[in-house]
Amino acid sequence: MTGATAVKTREADVPAVRVTRSRRSVLWASVVAVIVIAVLAYAPYVVYASTTSILVNFFILLILASMWNLLAGYAGLVSVGQQAFFGLGSYFVLIFALRGVNPFFGMPIAAVACGLAGLVTWWLVSRLRSGYFAIATWVIASVCYLIIIRYPSLGGGTGMLTPNMPNFSARYLDALVYWVTLGVAVIALGGIYLLLRSRLGLVLTAVRDDETGARSVGARVTRARLLVFVIAAVGCGAAGALEVLAQPYVQPAPAFAVQWTAEMIFAVLIGGIGTIEGPIIGTIVFFALQQWLSAHGTWYFIILGLVAIGIAIWAPRGIWGVVSDRLKLFPVGYWLWPRGGGSGSALSVLRWPGRSRASGG
Amino acid sequence: MTWVNDIVQGVMLGGLYALFACGLSLLFGVMKVINLAHGDLAIVAAYGAVGIVALTHMPGAWSVLLAVPIFAVVGYLVQRTLIQASLNRGVLTTLLVTFGLSVVIENALQQFWSANARTLQIGALATDHFNIGSQISIGYLDLVILIAAVAVLLGLQYYLSYSKQGRLIRAVADDREAAQLCGADYRHIFGIAAAIAFGTVALAGTAYGMYTSFYPSSGSSGFLVLFAFEAVVIGGLGSLWGTLLGGIALGVVQSIGGQIGSTDQVIAGQLLFLVVLAAMPQGITGFRRAA
Amino acid sequence: MTDSSPLLEVRELTVHHGQLRALDNVSLSVFAGDVFAMIGANGAGKSTLLRSVCGLHRPTSGSVLLDGTDITGLRPEKRVAAGIVMVPEGRRLFPSLTLEENLQVGATYTREGPWSIARVYELFNWMPGRRRQLAAQLSGGEQQAVAIGRALVANPRVLLLDELSLGLAPVVVQRIYDTLPELLATGVTVLLVEQDVSQALRVASRVHCLLEGRTTLTGEPAGLTAESIEAAYFGLASAAAPGPWTGDSARTLPEESR
């Protein structure tokens, strides 16, 4: 027979903390970023057109990857139909060009038009859960393709050359395309960064970690997702439009190919989903692999696919996820510092879903 | 009255779609796995059948007898390794892994078989047909595929409803933890379900190979995986009988669409799918069961 | 009646849910023939303990022993084969299966023993008439009975019952607990978790109280006073201890009656 034992409830430790938005490493990173952009801007003066052409493709994929990352990594929307907006972006530029609009001016208009298309698409798919959502986006992309190829005025199944490109020298045109693409990439990444720092970004992160919890504290989840979906449509549309500037011969099959989605997804997975730095790293790795395996066509996708699968299962946070415990370049999180302590230990509270435990520094 | 013939053709085409969708329905119903590589797996089976024929010189039609069991074993292994590992990570991961698998498979097929179209040769069976009246023409192959689809789907439904193993599969699909508490190793049961699903995929793939020519990317850009999903959704989830109806509905709509214009065949089906998604997302069978 | 060695033993079990420590160094012994009741407030760790015993939750440290054999590493389905079967919280019947199919699934991996579907039908004589009804259409009390039946047909040595009374009317709960003696008569040992303390005390041969993951009380019901149980349940050092509603705050509210 045992008597009652007295038990005192432990009091929770509530540390007094100071909250900041960035660390010193971020400052260095911003300086480096400005330098990198300046160097890239200078590139057409010093390198061959073949190199700037590769860089153009790099930036286009970078934009696409960042958009897909925004969709899947922050809004939880896994779309395998973003090629719809990419293709629409290309074809809108073509359509405007056929009516006499300079494709360089047609590009931003096309991007906006894709935003509207995104709105319509959202109306169709917003109620669907993950798997259905993915398939529905794919179906919609295929429908866009099937509709476009019925129009011989747009080149039908074989494609056509975009008219009304500005009458500059080939070298200057290449450089112009390069600068425009670089500019759009910077805007896209910068825009995403600012977006995630804003309140919307906080809502998205909360939703990403726990949707029910987020709703219960009043987060406008659907509104946030709608916004992200439309932004991604605009971004992918812009990328498609840029592709036309780089490759004026527009064909429906390559424009709406599911390959684009494959590339986006792989780049983001490998680089690190749910982080801003991830798509950048992923695109770099992607292109490095492409250069290395360029002679081997299909092997390139096979290896990439296997790597992506491996990372999805065994290293779901990607390359950047592994590295980012040490280094944070784009500060969208919050750092907690104990009061009165010097550098002390900081808790980073931003993580990819499911691994949202705080880590001691 | 050629539209009667169109409907008949559509029904038979629907049989093929239903066969495709069967495995997908099973994988999703039991494991909640969305297999984006489904179409590609069918094409692998088709290529496999071509390979078997090349190796053994057996008649094309008999290659099915080898392809199906081999694929069933492969399905069990893939489930216990790759799919289970992805499931442990979450829904997003399975989606991404099957997508990655799709890309890998298509490119691997292209690497080893080239991009040329192929067919599984079965001789005269591919084109022989008989007529009903003057308007309706029924191909023997088409009829066999339809009969096979009905047999497989109804047989599977019967198996799930009345056999001990089928009951276990349904239990694990309902609540895998509770099934564990009853002594069932759900990973093994998932494996069995995957084996069955892959077996039906092999059947569908070899049938497809006999039916028409195929190439490495038939699975995705040939829309096979989309058709399979559409059949499942249109028919209603959780019902194999529904999958049969959904496949037939899709086939009929496509066939009628094909009469309107040659490129309209596929679009007609996609539009039906989108309409069902918007207006009647629970599908044909779900609509009747709605209570 | 006590055997010299326990049938089921939990040794210094520590279990975490992510960062949260749900169980802290908990030990207990269940002897053959016991009705061992775990009581405690919400979140005390009772269900976690049960889930660890049946294998659904891996402990951070400590061990679970059945008849002296360490089963800590065994998967849940293997433990069923060893003789530990749980009736989970919330019943967890298979909703798309019929009543009889639920029992059939439970009987798939059965051990040698007196329990069969027929015997369960004798115990709950309303069941045969409803055997073809879908489990989802049964009432809460009926589902609870089926859940118990499903566990019984596996012929367990140790039957784990997790919160039987949750969501059920007292009269229904009573009827279910009334079946316990027949279970015990067939050689089943029972380890149960119960929120309703008086109900637990009525049926238990041993009582074990948890608070915030730690053991606060263990013993036979006859030897425990209401105060000691209350204190262990709520974690009060003594009735007059200073706290938020006594002591200082009381002095600042002279008008309020005590």
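1. The radius of gyration is taken over C-alpha atoms, and the globule rule is 2.2 Å times the number of residues to the power 0.38. For the 258 residues of chain C, a compact globule would have a radius of gyration near 18 Å, and the 20 Å of chain C agrees with that. The C-alpha trace of chain C spans about 65 × 40 × 40 Å along its principal axes.

2. This is a predicted model, in which local features need pLDDT of at least 70 and side-chain atom pairs count only at pLDDT 80 or more, while totals for chains, interfaces and linings use all residues. Residues are numbered from 1 along each chain as its sequence is written, and chains are lettered from A and ligands numbered from 1 in the order in which they are written.

3. Chain C has ten helices and ten strands. Helices (H or I, at least four residues) and strands (E, at least two) are DSSP runs, numbered from the N terminus.

4. Four strands of chain C form an open, antiparallel sheet in the order E2-E1-E4-E5. Strands E2 (20–30) and E5 (69–70) of chain C are at the edges with a single partner strand each, so one side of each is left without a neighbour in the sheet. Two strands pair if DSSP finds at least two bridges between them; E4 (residues 61–66) and E5 of chain C are joined by two bridges. C:Leu65 has C:Asp70 in E5(C) as its bridge partner.

5. In chain C, 43% of the 258 residues count as buried (20 or more other C-beta atoms within 10 Å of the residue's own, with C-beta atoms placed from the backbone).

Key
A residue is buried if 20 or more other C-beta atoms lie within 10 Å of its own, exposed if 12 or fewer, and partly exposed in between; C-beta atoms are placed from the backbone.
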